[in-house]
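Me: I've got a structure open and a few things I'd like to go through. Can we take it question by question?

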Amino acid sequence: MIVRILCFLFAVLLTANICNAGVPSSNSNEQAARAFLKEASTKFFEYNDNLAQKQFQMYEDDSDEEAANATYKNFFAKAKLTVEIFEDSKKFDQSKFTDPELKYVFENFKKSPGVFILGEENLSKILQSLTLLEELASDKDIPSYHNKSIDLAFFPDIQEIFAKSNDPAELKYYWKTWRDKNGAWATSYFVKLIKLLKEAAKLNEITPLQLWLDEYNITEMENVMTQMEPFYLQLHGFIRNQLLKKYGDLVIKPKKPIPHHLFEQVLAQTWTSGSIIDDKYPHKDLPPYDEILKQNNYDTLKMFKMADGFYRSMGFNSISEEYWTNHIKMNSNEDEGDCKAMVFDESPNVYLRYCQKMDFRKFLQAHGYMGEVYYAREKIDLPAYYFDSYGLEYPVGEAVILSASTPKHLSSIGLVTQFRFTDEVKMNRLLRMGIHTLLNARVYFVHSKVMADLFAGIVDITDLNKRYWKLMEKYVGVAPPNNRGPDAYDFPFKFYTSLSANGNEQASKFMGEVLGYQIYEKLCEISGQYSKSKESEPINNCDFYGSEKAGEALKKMMRLGSSKPMREVLATIFPENPTVNADSLIKYYTPMKNWLIERNREDNVSVGWRHSKKKISIVTNYDDEELVPLK
Ligand SMILES: *[C@@H]1O[C@H](CO)[C@@H](O)[C@H](O)[C@H]1NC(C)=O
Ligand SMILES: *[C@@H]1O[C@H](CO)[C@@H](O)[C@H](O)[C@H]1NC(C)=O
Ligand SMILES: *[C@@H]1O[C@H](CO)[C@@H](O)[C@H](O)[C@H]1NC(C)=O
Ligand SMILES: *[C@@H]1O[C@H](CO)[C@@H](O)[C@H](O)[C@H]1NC(C)=O
Ligand SMILES: *[C@@H]1O[C@H](CO)[C@@H](O)[C@H](O)[C@H]1NC(C)=O
């Protein structure tokens, strides 16, 4: 178990924008600088390949302590190398460079060491904090509501209860008990982590906010939120009204924020039969996707081969048989919960590990993971210091998933053939997708914003819970089910598990969602499957499978890596407006928005909410004892 967790953390950590390797030179001329970069790149790729192989190996056997130790060793070796090269790069007099590209590379060197600059001892404390926070979800320490002698874990036990139970008292109990049990404990590790990250920023001579946000722009994200707001208000009003019908006005008020435990249930039930829209569009009317996969003799390998076929159809170079054998493997260890695949893509020598679970969700996700593999392979000619791609592999994967999940695609690949996708079925699908996307995007933003406020010094750590609820009310329209005391930090477990040392997973998820729709629309246009002027068919059934033109557009972007600023990279695919915005997302869900407006009018639903009266205290109670460094 611990090995699995550490693997995850390493992968997250290593997605940082890190360059370099090499031998210093006192010579400040440009030729020496170029030689230095070349050597640094070679060495860095070598270390990355080494580490990727070790991580890949670790999945062969969960109890292989030797492999875990080797991974640790490689990880710290890489950290040390990174810092050494960073120091060496300072020996060049950058002010004398005339080549703008050289200036650009060295400018970016400044942020290269990230948390690695902390050194082994403090770095290992970061890993330890992250590991312990990761365990929040899997520890069985919450007494069952119905039988206090049974202990449950958040994932999967409580998550399943949230999807199934219709007892608001039970949901509230788990909401509160999990937070009471974990709040103070999580807080102490969270606080330690924040301290260390601030320390790293200081050593890097950048602000903590710069370290945390990296290339993400919180103002731009906020603009996206504003753009989505009218649509979200309609969805929020609809959800609150449905919950009111389901649970009554003792539990939920028609003009107040939605109690958070019920909001969490709405998310947990999106794709199940208890969902908020089941009285209008029953879950059972959707195609039985999981069954269909079984009937078509799918196994996990076949899922990934089908996903691979999508990219090949767009003209990407096929992956060789040798590659399938040695670089892409199923975990041999036991399947745990909602196991996730892992891509080790820090060099063109990319590796992929997937787990044994097989269902429709995993089938779609496979398209995202294969996207990461193809993205890394397209960057084969780039040096290590350009190899990062601003997290753009996620929206690319999202765009392909949107295409792969359309009724059109599923019919055309012969997977769903006996099923008629009526307008009702299409709306059923669209509503569930929309609920999932919109609710999550709002939450990802709040998580990003609260951390940005913390690192910018706008709020103190003791005020963080107050701030969190203020933002949750403002942007999501939810409130805690009861007053929150001085030892409550109420972030959900997903917030903690997506923390990483110098990556910002929540911001990248937000960007992945929003940009995913932008890329999808663009590829639909390029492939001729959708035209802005014709509006013949709604965009949400467009499938760009088989379009080499769309493939070319993607490749052009992929091959740039981070050799240009993010906006310029985006400009290859969005020349007319290379910003992150919600236009495509809103267009995609237009039928849903119209439907919501209509329902809300019929039901006399007033949208928006008044302030919550719940009291949130300043947090004062948390353990501040020192961590013992890992060896
Ligand atoms: C792994 O490292 C730990 C701590 O350094 C050590 O106690 C253990 O013996 C090592 N295990 C193996 C198999 O090398
Ligand atoms: C509660 O769970 C324990 C342990 O599984 C079991 O022995 C006991 O019978 C259960 N009690 C009730 C009331 O179901
Ligand atoms: C580790 O970080 C702390 C701050 O959290 C700092 O005081 C300490 O000097 C650091 N230790 C090392 C070995 O750098
Ligand atoms: C962030 O985005 C806003 C809005 O698009 C823009 O005005 C601003 O210049 C951006 N900031 C940075 C640092 O790029
Ligand atoms: C909405 O309000 C109108 C006018 O007050 C009323 O006739 C109608 O019955 C209401 N509809 C619902 C579902 O409450």
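## Core, helix and ligands

Me: Leaving aside its neighbours within four places in sequence, which residues is Tyr496 in contact with?

Reply: Bear in mind that this is a predicted model. Contact here means heavy atoms within 4.5 Å. With neighbours within four places in sequence set aside, Tyr496 touches Leu133, Leu136, Ala186, Phe190, Tyr489 and Phe491.

Me: How many residues are in the largest nonpolar core?

Reply: Tyr496 belongs to it, as one of the residues with the most contacts inside, along with Phe190, Met370, Met451, Leu499 and Phe510. In soluble globular proteins, nonpolar side chains tend to be buried together. The largest nonpolar core counts 197 residues.

Me: Is α15 mostly covered or mostly exposed, and how many of its residues are buried?

Reply: Buried means under 20% relative accessible area. Among the residues of α15 that pass are Glu393, Pro395, Val396 and Gly397, and also Ile401 and Leu402. So by that cut-off α15 is mostly covered, and the count of buried residues is 10 of 12.

Me: What does α15 reach from its first C-alpha to its last?

Reply: α15 covers residues 393-404, which is 12 residues. At 1.5 Å a residue, 16 Å is expected. The model comes close to that, with a reach of 16 Å.

Me: Which residue has a polar side-chain atom 2.3 Å from an oxygen atom of ligand 2?

Reply: Ligand 2 has Asn147, Ser149 and Ile150 around it. For Ser149, the distance from a side-chain N or O atom to a ligand 2 oxygen is 3.3 Å. The 2.3 Å distance belongs to Asn147.

Me: How much of the accessible area of ligand 2 does the protein cover?

Reply: On its own, ligand 2 has 370 Å² of accessible area. The protein's cover comes to 26%.

Me: What share of ligand 5 does the protein bury?

Reply: The residues around ligand 5 are Glu602, Asp603 and Asn604. Ligand 5 exposes 360 Å² when taken alone, and the protein buries 24%.

Notes: Residues numbered from 1 in each chain as written. Chains lettered and ligands numbered in written order. Predicted model: local features only at pLDDT ≥ 70, side-chain atom pairs only at ≥ 80, totals over all residues. Heavy atoms only, no water. Near = heavy atom within 4 Å. Areas by Shrake-Rupley, 256 points an atom, 1.4 Å probe, with all protein chains shown as cover. Helix = DSSP H or I, 4+ residues; strand = E, 2+ residues; numbered from the N terminus. Expected span 1.5 Å × (residues − 1). Buried < 20%, exposed > 50% of the residue type's maximum accessible area, 1.4 Å probe, protein only. Core = buried A, V, L, I, M, F, W, Y, C linked by side-chain atoms within 4.5 Å. Polar contact = N/O pair within 3.5 Å; in protein donor to acceptor, adjacent residues only side chain to side chain.
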